[in-house]
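Here is a short report on one helix and its surroundings, with notes on backbone torsions. Please keep the sequence and the model in view while reading.

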Amino acid sequence: MANRPHGRRDTRTHTAPPITVEAPVLLIGSDPADYERLGRYVDALRRPQGLHLTMLHLGVLEELARDIADWTRGITDIERATRNTVAWLQDLPVLGAFSGSAERLTVLGRGGVSGLELDVPSEVHEFQVSLIHALHELLDELSVDNIDDFILSSHALGFRSPRWTPHVAVGRPRGGGSWEIAPLRVDFGESRIRNRHLLPAIDAR
């Protein structure tokens with residue numbers, strides 16, 4: 001994997017929430033008890049009202065803009081990176097509501113989160129791929145070279161793997177590994193930009 005921009009370790013802290021493209025979970029199973037039964041496998045089971053499927057994580061907007069400015073060595077400044085990214089986000093297409101299923105709980109990332117592995121329709125995978133292609137186009141427009149290296153190196157984007165695995169994080173795992181569960185239907189609403197209301201206003205230039 002490529003180094004972080006300019007090889008620096010990120011020591012910045014942020015209070016601003018990250019920006020993601022996600023689909024909210026509307027329903028898991030046929031009744032609330034279906035979801036609550038997952039508590040036998042995980043600790044601190046998350047409230048079902050906040051569950052979602054992340055399809056693209058952009059991170060904190062200010063940090064992403066700074067990463068772009070650093071990577072391009074100022075050819076693209078923070079203001080332009082911010083303005084173009086906000087306009088890009090506002091023009092992204094919307095994926096309609098859909099349903100998926102889950103038959104396994106697995107430990108995600110560095111082991112601190114347990115999530116439902118999802119089987120989702122092909123159009124959901126195609127939409128996620130289209131988001132990555134659109135991100136490439138945005139970064140090219142902003143004069144980012146070696147785009148794949150940038151995506152895997154950006155502190156804001158936080159990509160750990162080029163492969164997207166559909167999942168819904170539900171709590172903290174009890175131990176490692178994965179567990180087979182009774183099949184669950186998972187219904188999702190149309191895609192949305194998380195924290196969209198916090199995006200700065202931009203000039204129409």
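## Burial of H2

Which residues of H2 are buried? In this predicted model, they are Leu61, Glu63, Leu64, Ala65, Asp67, Ile68, Ala69, Asp70 and Trp71. H2 spans residues 61–71 and is mostly covered, with 9 of its 11 residues buried.

What do these buried residues pack against? Their partners are strand S3 (52–59) and the helices H3 (78–90), H4 (122–141) and H5 (147–153). Arg73 follows H2 and has a positive phi, near 55°.

## Crossing of H2 and H3

The H2 and H3 axes come within 8 Å and cross at roughly 125°. H2 is therefore oblique to H3. The crossing is right-handed.

On the H2 side, the contact uses Leu61, Leu64, Ala65, Arg66, Ile68 and Ala69. H3 contributes Ile78, Ala81, Thr82, Thr85 and Val86. By class, this contact has 8 nonpolar, 2 polar and 1 charged residues.

Ser143 is not a glycine, yet its phi is positive, about 70°. Ser143 sits in the loop between H4 and H5. Its relative accessible area is 36%, so Ser143 is partly exposed.

Asn195 is not a glycine either, and its phi is positive at about 65°. This residue lies in the segment after strand S8 (192–194). Is Asn195 buried or exposed? Asn195 has a relative accessible area of 18%, so it is buried; the cut-off for buried is under 20%.

Notes. Residues are numbered from 1 along each chain as its sequence is written. This is a predicted model: local features need pLDDT of at least 70, side-chain atom pairs count only at pLDDT 80 or more; totals for chains, interfaces and linings use all residues. Side-chain values use heavy atoms; hydrogens and water are left out. Buried means under 20% relative accessible area, exposed over 50%, partly exposed in between (1.4 Å probe, protein chains only). Helices (H or I, at least four residues) and strands (E, at least two) are DSSP runs, numbered from the N terminus. Contact means heavy atoms within 4.5 Å. Axes are lines fitted to C-alpha atoms, for helices over the stretch in contact, and angles run from 0 to 180 degrees between N-to-C directions. Angles under 35 degrees count as roughly parallel, over 145 as roughly antiparallel, 65 to 115 as roughly perpendicular and the rest as oblique. A crossing is left-handed if the near helix is turned anticlockwise from the far one by less than a right angle, and right-handed if clockwise. Ala, Val, Leu, Ile, Met, Phe, Trp, Tyr, Cys and Pro count as nonpolar, Asp, Glu, Lys and Arg as charged, and the others, Gly among them, as polar.
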